[in-house]
Amino acid sequence: MAIQILVDADACPVKDEIYRVAWRHEVAVKVVSNSRLRVPEHPLIERVVVSDGFDAADDWIAEAADAASVVVTADILLADRALKAGASVLGPNGKPFTLASIGPAIATRAIMADLRAGGDQIGGPPPFTKTDRSQFLQALDSALVRLKRR
């Protein structure tokens, strides 16, 4: 199985970092989105444009994910599906989703959705920082090294 990086790209703030790490490791990247995004012209980078149907990008990524994949997403439900497919999963801030952490993350997501539905004003995630970007670079590099050692 060839190692690949699958990117939930529509709102991903670390696409440039993914390309740099992928080129260094010579790993294929599939940039999956509902609309055409600009990606570098490079043999390792593939743009995958799916329909604009609800969860179409998530469905494509979940079906393509396997034990040789690193999935990059902030979507907790997609992270859960990718983990169940055997993939390594990273958030754009570099924090890994694991089988141990995904249950509590899903529960928190449900609680927050209930609060928003009830009219509570709750903020979104904290602003993306240089530290997040740095942690992501280290986490992606480490995930690819682990996959290569298997």
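**Helix 1**

Start by selecting Lys 15, Glu 17, Ile 18, Tyr 19, Val 21, Ala 22 and His 25, the buried residues of helix 1. Buried here means under 20% relative accessible area, exposed means over 50%, and partly exposed is what falls in between, with a 1.4 Å probe and protein chains only. Helices (H or I, at least four residues) and strands (E, at least two) are DSSP runs, numbered from the N terminus. Numbering of residues starts from 1 along each chain as its sequence is written, and side-chain values use heavy atoms, with hydrogens and water left out. The model is predicted: local features need pLDDT of at least 70 and side-chain atom pairs count only at pLDDT 80 or more, while totals for chains, interfaces and linings use all residues.

Next, show what surrounds the selection. The buried residues of helix 1 pack against strand 1, strand 2, strand 3 (45–49), strand 4 and helix 5, where contact means heavy atoms within 4.5 Å.

Zoom out for the whole chain. The protein has five helices and six strands, which run β-α-β-β-α-β-α-β-β-α-α from the N terminus on. Of its 150 residues, 41% are buried. Among contacts with a separation of 6 or more, 48% are between residues 24 or more positions apart.

Helix 1 passes helix 5 in a right-handed crossing. The term right-handed applies if the near helix is turned clockwise from the far one by less than a right angle, and left-handed if anticlockwise. To see the contact, select Glu 17, Ile 18, Arg 20, Val 21, Arg 24 and His 25 on helix 1, and Arg 133, Phe 136, Leu 137, Leu 140, Asp 141, Leu 144, Val 145 and Lys 148 on helix 5. Coloured by class, the contact shows seven nonpolar, one polar and six charged residues. Ala, Val, Leu, Ile, Met, Phe, Trp, Tyr, Cys and Pro count as nonpolar, Asp, Glu, Lys and Arg as charged, and the others, Gly among them, as polar.

**Leu 144**

Centre on Leu 144 in helix 5. Leu 144 counts as buried because its relative accessibility is 0%. Leaving out residues up to four places away in sequence, Leu 144 touches Ile 3, Ile 5, Val 21, His 25, Val 27 and Val 70.

**The nonpolar cores**

Which residues touch the most other members of the largest nonpolar core? Select Ile 5, Ile 18, Val 29, Leu 140 and Leu 144, out of 25 residues in this core. Strand 1 (4–8), helix 1 (15–25), strand 2 (28–33), strand 4 (69–72) and helix 5 (130–149) each supply at least two of its residues. Helix 5 gives the most, six. Another core, of 19 residues, lies apart from this one and includes Ile 61, Ala 65, Leu 78 and Leu 83. A nonpolar core is a set of buried Ala, Val, Leu, Ile, Met, Phe, Trp, Tyr and Cys residues joined through side-chain atoms within 4.5 Å. In soluble globular proteins, nonpolar side chains tend to be buried together.

**Ser 88**

Move to Ser 88 in strand 5 (residues 88–90). Ser 88 counts as buried because its relative accessibility is 17%. Beyond four places in sequence, Ser 88 touches Ser 69, Val 70, Val 71 and Leu 147.

**Loop residues**

Select Glu 26, in the loop between helix 1 and strand 2. Its phi is near 55 degrees, a positive value in a residue other than glycine. Is Glu 26 buried or exposed? With a relative accessible area of 66%, Glu 26 is exposed.

Asp 55, in the loop between strand 3 and helix 2 (56–64), also has a positive phi, near 65 degrees. Asp 55 is partly exposed, at 31% relative accessible area.

Finish at Asp 75, in the loop between strand 4 and helix 3 (76–84). Asp 75 is partly exposed, at 25%. Apart from residues up to four places away in sequence, Asp 75 touches Asp 8 and Asp 58. From Asp 75 to Asp 58 the C-alpha distance is 8.6 Å, across 17 residues of sequence.
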